[in-house]
Amino acid sequence: AEQETKVVSTRRPEPMDNKIVQDALYRVRQVNHMPPEIRKTLIPFQVDGVALGKVRPAIAELLTSADAGTCFEVVPSSSDAGSFLTISQSCGSTPEERSAAVATV
């Protein structure tokens, strides 16, 4: 029987490697920063009661416009959380049906 050989790197990170990683993390944090005045305007996006993310009101308007069809709708929440964007039932009930309908938007 053949024995498998594993190669393990023992190279220590160079100071430049750490600098590159730190610079990359700084950029990621910059991109992920959202001002509070924008964050509080976001509309939740849910499918089957599962929160998938949040969208800006202008995006929700585009997705629910007549030009986009009837795939998306903004519905009132049953809690005091306001309304949320979702995929309308007319687009199907299975993930495959909904994915096909959303692909046309």
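## Val55

Val55 lies in strand 2, which spans residues 50-55; helices (H or I, at least four residues) and strands (E, at least two) are DSSP runs, numbered from the N terminus. This is a predicted model, in which local features need pLDDT of at least 70, side-chain atom pairs count only at pLDDT 80 or more, and totals for chains, interfaces and linings use all residues. Residues are numbered from 1 along each chain as its sequence is written, and side-chain values use heavy atoms, with hydrogens and water left out.

With a relative accessible area of 15%, Val55 is buried (under 20% relative accessible area, 1.4 Å probe, protein chains only). Apart from neighbours within four places in sequence, Val55 is in contact with Leu42, Ile43, Ala60 and Leu85; contact means heavy atoms within 4.5 Å. Thr41 is 14 residues from Val55 along the chain, and their C-alpha atoms are 8.8 Å apart.

## Ser88

Ser88 sits in the loop between strand 4 (83-87) and helix 4 (95-102). Ser88 is buried, at a relative accessible area of 6%.

The Ser88 side chain reaches the backbone oxygen of Thr70 at 2.6 Å. Neighbours within four places in sequence aside, the contacts of Ser88 are Thr70, Cys71, Phe72 and Glu73.

## The chain as a whole

The protein chain has 4 helices and 4 strands, in the order α-α-β-β-α-β-β-α from the N terminus. Of its 105 residues, 20% count as buried.

Among contacts in the protein chain with a separation of 6 or more, 31% join residues 24 or more positions apart. The chain exposes about 8,700 Å², with 55% supplied by carbon and sulfur atoms (Shrake-Rupley method, 1.4 Å probe).

How values were computed: Buried < 20%, exposed > 50% of the residue type's maximum accessible area, 1.4 Å probe, protein only. Polar contact = N/O pair within 3.5 Å; in protein donor to acceptor, adjacent residues only side chain to side chain.
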